Every structure is written in C-alpha cells, then in structure tokens.
Amino acid sequence: MILLLSVDLDPDLAALRPLGGFSVLHTSPHMSQHPSRPSPSGPLATLAHAYASGYASGYAAATPDVQVPFGPDPLGFRVRKVAVALRAPETRVAASVAQQGLAARLWSVTLACAALYGRVPDLDPSLLRWDPDAGAPDDLWLTEVHALPGDTTTVADVVLTTHLAPLASAVHARYGVATGLLRGNAASALAGAGRELERWARRNGRTDTAAHARSLTAALLAHPLLAGTGALTGTSFRRRSCCLYYRVPGAGICGDCCFSRPPGSPRSPASPRPPRSSPGGPSE
C-alpha cells in the first residue's frame, strides 16, 4: 500500500527543480530570470491558441487581438522547426515527433507533481504560455498556479482530455497523422515520463515516490483514451504503433517501437541515429 501525503503546491513548483529538464515548469515569478524571453503577459501564445491554430490558417484573422512572435501559427512553427532539425522527409513525420515531445513535457510535469506533492496544477491551456522555439524547460510557463487533486482521474483530465485530445485533433486535421499513431505517441510519452520519474526516485532513496509513479503510470495507460496502445511490463513499454521516426534519414527505431527493425531496411542498419528526444529515450 502506498501512503502519499498531500502537500499544497508552492507557487514556484520548486520540488520539480531537482528532476530537471522535461519535469520542470516555470511559473510567472521565474520570468525575471529570463530577460531575453517575453513575459507571460507579453506576446507568447497560450497552448489554447496553439491548438486552435492547428485547424485553420485564418485563425489570426478571427482573433486579431492575439499578437505572438511566431505569427498566428505556433503549432506550425514548431513542426517546421522539428522538420528542419531532423531533416524530415515528410511533414507528418515532424508533426508526429513534435506532438510526442509536447506530450512528454505535459506528462512529465503532471506525474512529477502528483508523485511529489500529491496534487497537480491546473494546466488549463489558456494558462500555459508556449515558446515553440525553445526547448525544455524554457518552452512552457504557467501563469497561475491552482492546485487540483493528484488522483488518476484528475491527472487524466488535466493531460489527456484538456491537452492531448485537442492537440491530436489539430495534428490529425492539419497534417494527416493517423489518430491511432497519435494515441500511441501519447502512451509512449507517458511511459517514458513515468519510467524516468521512477528512476529518479529510486536513485534518491524515495521508494514510495517510485512506487506511486509506477502505479499511476499503469493506471493512466489503462484509461479509455490510451487502452490498447501497447503493453507495459514493469517499466518497459512496447507500443502497437510507430511514431514514424524511422523515416528520418539515418534514423533507426525507437526503443518502444512495434517494429524490430525499420520497415524495408536490412536486418543490421548502419549507424542509426539515437531515438527521438523524450524522457528516457529507449523503453528497454
């Protein structure tokens, strides 16, 4: 039995800092530490804007009061940035990788809060500012910290229902990425975030936190929006779909891929690239 104490969220989410990278979430007081970055009240788009921009290029015309440094289309900016970085041969490959990266950020932050605080912040897309040109942890800022329960149902609502469902709809509608693939990306990102949190907790002697991270990850993977996307064995996850990363020039397959080798490749591909960036990389 896991005994988890509930602790109020502090306004800086300071307990996340030792985890680093994907698990850290800046809140508005931290903006003074980044003078080169716009403030949360400045021109950065919210994730709500980003999801909406995925549906129509005329989004800015419908909302003329929104001024963002990446034009009216932060989602498109991010996908183009990923495409250039990977030399992706197809836009849908970059869209898949971009979607999984954002999913990994959201899962990492929320799981860490649930495990360390017993509560999670309200990550309403209208409260999260997004810099699509930045990497973790400088890509996201939460403008207001409001605590919610840290149970499985609430975590699923905060990440799956509120973020990953509209993100997947936008990416599918705009780039034609299959919905089943995007569900697999969301599950893969969750498994990676849970695995890295458990590893961190065990390295630091926090066995209760590690156990809670594992049980919460397993419960979330059983959620109707993720059920059937893959198999979790301990901390190892094997998905039933492919994120398309193998199509990147010189790339191999990810550690949790449904394929044992890239489709159409020889059995021993030469000099594969490392797996795409997500918490923990390979799943095994």
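**Salt bridges**

I started with a network: salt bridges link Asp73, Arg80 and Arg174. My criterion for a salt bridge is a side-chain nitrogen of Lys or Arg within 4 Å of a carboxyl oxygen of Asp or Glu. The model is predicted, so I noted its limits: local features need pLDDT of at least 70, side-chain atom pairs count only at pLDDT 80 or more, and totals for chains, interfaces and linings use all residues. Residues are numbered from 1 along each chain as its sequence is written, and side-chain values use heavy atoms, with hydrogens and water left out.

I searched the whole structure and got 11 salt bridges.

I then looked up accessibility, where buried means under 20% relative accessible area, exposed means over 50%, and partly exposed lies in between (1.4 Å probe, protein chains only). Arg80 is partly exposed at 47%. Asp73 is buried at 14%.

Next came Asp139 and Arg105. Their side chains meet in a salt bridge, with 2.9 Å from N to O. This pair links distant parts of the chain: Asp139 sits in the loop between β5 (128-130) and β6 (140-142), Arg105 in helix α4 (residues 91-116), and 34 residues separate them. For elements I use DSSP runs numbered from the N terminus: helices are H or I with at least four residues, strands are E with at least two. Is Asp139 buried or exposed? Asp139 is buried, at 1% relative accessibility. Arg105 is buried as well, at 2%.

Asp8 lies in the segment before β1 (26-27), and Arg119 lies in strand β4 (residues 119-121), 111 residues away. Asp8 is exposed, with 63% relative accessible area. Arg119 is partly exposed, at 22%.

**Sheet**

I counted elements: seven helices and nine strands. Which order do the strands of the open sheet take? Four strands run in the order β1-β6-β5-β2, with mixed pairing. Two strands count as paired if DSSP finds at least two bridges between them. β1 and β2 (45-46) are the edge strands, each pairing on one side only. As a reminder to myself, strands of a sheet pair through backbone hydrogen bonds, either parallel or antiparallel. β5 and β6 run antiparallel and are joined by three bridges. For Arg129, the bridge partner in β6 is Trp141.

**Helix packing**

I took helix α5 (residues 152-175) against helix α7 (residues 207-221). They pack at about 65°, with axes 10 Å apart. Axes are lines fitted to C-alpha atoms over the stretch in contact, and angles run from 0 to 180 degrees between N-to-C directions. Contact means heavy atoms within 4.5 Å. On α5, Thr152, Val155 and Ala156 make the contact; on α7, Leu216, Ala219 and Leu220 do.

**Whole chain**

Of the 284 residues in the protein, 50% are buried. I also took contacts between residues at least 6 apart in sequence: 69% of them join residues at least 24 apart.
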